[in-house]
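The following questions and answers concern the structure shown below. They take up the interface first, then selected residues and charged pairs.

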Amino acid sequence: MRELSAIGRSALMVLLAFVIGSAIFVLSGYDVVAVWSGTFQGAIAAPGAFQNTIRWTIPLIVAGLGVLVSFRAGFFNVGAQGQIYIGALCSALVGLSVDAPGPVVSILSVLAGMIGGALWALIAAVLKVVFGTDEVLSTLMLNFIAVLLVQYVAGGPLRDRTGSSAVASSTAIAPEARLSNGLGTSPTLLVITAVVIIIVWAWLSSTRSGLATDLLGRNPMIVRWQGASYNRLAFSCFGAAGAAAGLAGAMDLLGPAGRLVAGFSPEIGFTAVLVALVGLLQVPGVIAAGLLFGGLQAALQYLPAVSNIPRSALDLIQGLIAVLITLQFRKMSLRKRPKASPAKQQKVSEKAHV
Amino acid sequence: MYEFLATAIRDAAPLLWVALGGLIAFRVGVFNLGLEGLMAIAAFTAVAAAKATGNVFLAVLLAIVVTVLVSIIYWACITIFKGDVIIVGIGLSTVGLTATVFMLSVLYGSQATAVSPVTLPDPLPDGADVGVFSILSGMSVLVWLLPLVAVGAWMLLRRSRAGLVMNAVGEFPFAARSAGQSPTLVRLWALIACGALVAIGGAQLSLDGLNSFSQDMTAGRGFLAFSAIIFGGGTVWGVVGACMFFGLANALGILAQIQGWNLPTEFLLALPYVLTIIAVTAAAYVAKKTNGSLVSFAELKD
């Protein structure tokens, strides 16, 4: 029952974001019916639309599951963005330099992406464990650094000198090593995504360290009393989250992108955090939220062709969801109330997790 | 040399307005990551109002009103509705950046840039030669006001009763509450002040020199201002120093490009973020060593 109400609340917030967005569109003089039917067309109904939705859903689910793992453990790693970028960067470095048959390059390149993403996330983990640095700030700052690093590498050392493109980008990955064509969906990518879903689900629900991870987010003290190592759990959670995000970056590079482009996915990393939150930090929830945001992202590209509404309109909806998703309407009172005792707060946070 | 310093000051001025606003929010325990969005809203409103009214003072005033209103919504989200400060803040930045681009195309069609017919007044005309002050020639009155505002912010936070209450709310809201202060209300006033200062920073960005608003105009300056607060250790003079430092780093980057030095600009641009991580780490380490909390983190603790 509690779970149902949590799902209801999450759905309500998303709905509220759409309602507020619609109100803004009406006030700006747009035909809301046309906007939403265009969004529906662009996400599902139009030819190739659903394929495009899946193209955006894949990285969102993979990176979102990584965010889920770290948030479950109580680490507010908002660095998926940077980890995706570093994943794509490492994947490109290997993919462009290794001279081997296609599948071998693919595998090495994907592994490099995962390792790169994991190492980037582990910077924040080491700072957290050794010095006590707040991970929200360190991962946020690492995002900016990673984006600049990719901009530098794509525009400098790896730059494609032959192309005349205005955007800095690297030379193209060999077609044999690609995981999909430019459309961004292929059996390989879908299988990788399914494997990631199964691994995360199985790890969290039925392994010792997965359960300890879940417990860590609720009560770190008990985890210590149970004899589990806080440091080891912190490293594995950050590492897993970074590896997942790095994998998403590698999949994007070897899939639809095909080359390292500066600023290639401005929104995916932050949207992945939203996907995890909207999905209530549950695996099925993340899949559902991934499809929702994937659909919005696909519609973004379709909408300007059929409606006069600018594409920033749907970005605005995503921002509104971010603003609304963590709000709680239960304690809607300005009255001064006594601070809840720690025991009571513990109960509340447990409730929120069940 | 003058030109180099002038470039640095021109770059640091909007940053400092925004950072001082963010500092006031920081002192009452609100890690305002919405600065980027607020700044974009202010910069856009200033230009839109300037186009509509043709009056630069009304433009700045309207920018303040709109930005303060959005700040109040942010306050309601994090205090009344208990939203997560960080997530709501980042969401606010997204909303601000996208809403301004959306309004840009709603109001001015497919134009990528809205140009303001008026500009902020300059106390010294461009190129005037008045000794040291010629560095500030061609800069708006809002740049000239900054030393006063910095001293004012310092007086408010360190030498006034209100500042004492604000610090108490930021450090230990429970104690402030038992002294009869309402942390919720103090945060409201602080976020209103923050919104006003950010609005002026945004207006300085769009109405001085460029006289226009375009997509991605803030270019991460809001997040940079937030970095300046952390790097400056949460004090007024630390923030002033951090903003000047970031301005100098940026001027150095421009100089490097002009001179053709082999120095990737991306590294200079990344410097503030690296320094912020180092500053936060140092503060956390000292706090851990002394068993106290030098940095009180974002969670609204009551």
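Q: How many residues does the contact take from chain A and how many from chain B?
A: This is a predicted model. A residue counts here when its heavy atoms lie within 4.5 Å of the other chain. On that basis the contact takes 47 residues from chain A and 47 residues from chain B.

Q: Which residues of chain A lose the most area to chain B?
A: The two chains bury about 4000 Å² between them, and 80% of this area is on carbon and sulfur atoms. On the side of chain A, three residues together account for 14% of what is buried. They are Phe131(A), Leu137(A) and Met141(A).

Q: How many residue pairs are in polar contact between chain A and chain B?
A: Across this interface the rule finds zero salt bridges. For polar contacts, both residues must have pLDDT 80 or more, and the count is three residue pairs.

Q: Which element gives the largest share of the side of chain A that touches chain B?
A: The elements giving two or more residues to this side are α1 (2–27), α5 (102–131), α6 (135–155), α11 (268–278) and α13 (312–325) of chain A. By class, the side has 32 nonpolar, nine polar and six charged residues. The largest share, 12 residues, comes from α6(A).

Q: Over which residues of chain B does pLDDT stay under 50?
A: The mean pLDDT of chain B is 87, and 95% of its residues reach 70 or more. Where pLDDT is low, the predicted coordinates should not be read in detail. In chain B, pLDDT stays under 50 over residues 292–302.

Q: Is Gly155(A) buried or partly exposed?
A: Gly155(A) is found in helix α6 of chain A. Leaving out residues up to four places away in sequence, Gly155(A) touches Val150(A) and Ala168(A). Because its relative accessibility is 27%, Gly155(A) counts as partly exposed.

Q: What is the relative accessible area of Gly247(B)?
A: Gly247(B) lies in helix α10 (residues 236–259) of chain B. Beyond four places in sequence, Gly247(B) touches Ala8(B), Asp11(B) and Ala12(B). Gly247(B) is buried, with a relative accessible area of 0%.

Q: Which residues is Ser10(A) in contact with, leaving aside its neighbours within four places in sequence?
A: Ser10(A) is found in helix α1 of chain A. At 6% relative accessibility, Ser10(A) counts as buried. Its contacts are Val278(A), Leu280(A) and Ile325(A).

Q: How many residues apart in sequence are the parts that Arg55(A) and Asp252(A) tie together?
A: The side chains of Arg55(A) and Asp252(A) meet in a salt bridge at 3.2 Å, N to O. Arg55(A) is buried at 11% relative accessibility, and Asp252(A) is buried at 10%. Arg55(A) lies in helix α3 (residues 49–72) and Asp252(A) in helix α10 (residues 230–257) of chain A, so the parts tied together are 197 residues apart in sequence.

Q: Which residues do salt bridges that share partners join into one network?
A: Asp214(A) and Arg72(A) meet in a salt bridge at 3.0 Å, N to O, linking helix α8 (residues 208–218) with helix α3 of chain A. Arg218(A) and Asp214(A) also meet in a salt bridge, at 3.8 Å. These two residues are separated by about one helical turn, because they are four residues apart in helix α8 of chain A. The network joins Arg72(A), Asp214(A) and Arg218(A).

Terms used:
Residues are numbered from 1 along each chain as its sequence is written. Chains are lettered from A and ligands numbered from 1 in the order in which they are written. Side-chain values use heavy atoms; hydrogens and water are left out. Buried area is the accessible area (1.4 Å probe) that two parts lose on being put together, summed over both. A salt bridge is a side-chain nitrogen of Lys or Arg within 4 Å of a carboxyl oxygen of Asp or Glu. A polar contact is a pair of N or O atoms within 3.5 Å; within protein, one must be able to donate a hydrogen and the other to accept it, and residues adjacent in sequence count only if both atoms are side-chain atoms. Ala, Val, Leu, Ile, Met, Phe, Trp, Tyr, Cys and Pro count as nonpolar, Asp, Glu, Lys and Arg as charged, and the others, Gly among them, as polar. pLDDT is the predictor's confidence in each residue, from 0 to 100. Buried means under 20% relative accessible area, exposed over 50%, partly exposed in between (1.4 Å probe, protein chains only).
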